[in-house]
Structures are given as structure tokens and as C-alpha cells.
Amino acid sequence: MSLFTEKLGLDINHFEIFRAQLKVKKLKKKEHLIREGSVCNFIGFVSSGTLRSYVMNEEGEFNNDFYFDHDFVSAYTSFLTQMPTNCNIEALTDSIIYTISSEKLNKLITQDSAFLKLGKYISDLYFIRKCRRETSFLKQTAAERLEGLSTLYPGIQQRVSQYHIASYLGIKPESLSRIKLLTYINK
């Protein structure tokens, strides 16, 4: 609710109208919220849990995002284009996600333009996340990317396996172990 009232400047009535449109989705660990090839027709809000977004190719799986409590979660490009996604979103822990369909969100926006603030907020969040990640690969070492990830998501190393963190950083798990050891030695 604080997102609506404090960050977006909307009132409690807007929150109640929005909340009435939500559906709850409970995922067990390793269950998928969405799979590659599906069209993402929802935006989710993680009430509790940890999820990862990943893409696959002939070499394996590559993590490209994580979602924790109070994060929005979606295959956002697919949500915007209504074209099949090329990513998968999997629960790393049992998770509870509240979702709103694109149809219901668009209807809210049509009925009350104040909901455009929510749409812009979500869009801005995704844009900033993607820009930061892209820039980190262009300008930072793997050690700097690990430090940034730990700052962005405090406690991630206790919640997400080292294998998944290494994949997100674009390195092998052995390299992550070396980076962590060198960081520890240099402190």
C-alpha cells in the first residue's frame, strides 16, 4: 500500500480497486511462473519468495534476473509486446505472487488515468534494472558486479545458490569462489 500512497501519490481507494483485481499464485520450489514460448499476460508482485529469470541456449541456462519479496516480476518484454517470451521464471523457494492481467491493468488505466502512474513506475523499474545490468557488463569486472549485486540485494548469497549467482554474473562457479576468496583476503 505504501507504494500507492507514498511513492505514487495515489489514495487508499486506488489501492483497494487495484487489489480487487489481483489473483494469488502459489509456486512450489522449482515450479515455473512462465516458460519460454509463452506469452506473458501479467505483472506479478512477489509477496514472499525468491525467483530467478533465465534464458537457455545450446550451452545451458543463463540467469538474467532475480526477484525477491516486494519486487515486481514479469517477462516484461513479452508483457509489453504480447509476443512469446524467450525467458523462463522459476521459483527458487516456495513463493506467493499476486498477479494482475494486462487486460485488467489496461482496463484500470482506461477507467482512471491515475493508474498510469503505476504503469510508468513498473516500466521505469524494469528499464533501470536492465540498463544497470547492461552497463555492469560493459564497465565492471566480475568482482565489481558481485559487489553491486550484493549491494542491490543484501543477503542474496544466503538466499540464492552460488551456481545461480555465478551464472547471473556471467562467470563459472569456480571463478566466483576465487573472487570471494580474494575479496576476503584483501579486506
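**View 1. Helix α8 against the sheet.** In this predicted model, helix α8 (residues 162–169) lies across β4 (51–57) and β5, and runs at about 95 degrees to β5; contact means heavy atoms within 4.5 Å, and axes are lines fitted to C-alpha atoms, for helices over the stretch in contact, with angles from 0 to 180 degrees between N-to-C directions. Helices (H or I, at least four residues) and strands (E, at least two) are DSSP runs, numbered from the N terminus. Residues are numbered from 1 along each chain as its sequence is written. Because the model is predicted, local features need pLDDT of at least 70 and side-chain atom pairs count only at pLDDT 80 or more, while totals for chains, interfaces and linings use all residues, and side-chain values use heavy atoms, with hydrogens and water left out.

View 2. Four strands form an open sheet in the order β2-β7-β4-β5, with antiparallel pairing, two strands being paired if DSSP finds at least two bridges between them. The edge strands, β2 (32–34) and β5 (60–67), each pair on one side only, and neighbouring strands of this sheet are turned against each other by 30 degrees on average, direction ignored. Between β2 and strand β7 (residues 88–91) the antiparallel pairing extends over 2 bridges, and isoleucine 34 stands opposite isoleucine 89 in β7.

**View 3. Serine 78 in helix α3.** Serine 78 has its place in helix α3 (residues 76–81) and is buried, with a relative accessible area of 2%; buried means under 20% relative accessible area, exposed over 50% and partly exposed in between (1.4 Å probe, protein chains only). Apart from neighbours within four places in sequence, serine 78 is in contact with Ser38, Val39, Cys40, Met83, Pro84 and Thr85.

**View 4. Aromatic pairs.** Rings of Phe, Tyr and Trp (its six-membered ring) pair if their centres lie within 6.5 Å, planes under 30 degrees apart counting as stacked, over 60 as edge-to-face and the rest as tilted; by this rule the count comes to 9 aromatic pairs. Phenylalanine 4 and phenylalanine 15 form an edge-to-face pair, 5.5 Å centre to centre with 70 degrees between the planes, which links helix α1 (residues 2–7) to helix α2 (residues 12–20). The rings of tyrosine 76 and phenylalanine 79 have their centres 5.8 Å apart and their planes at 15 degrees, so this pair is stacked. Ring pairs also link Phe66, Phe68, Tyr153 and Tyr168 into a cluster.
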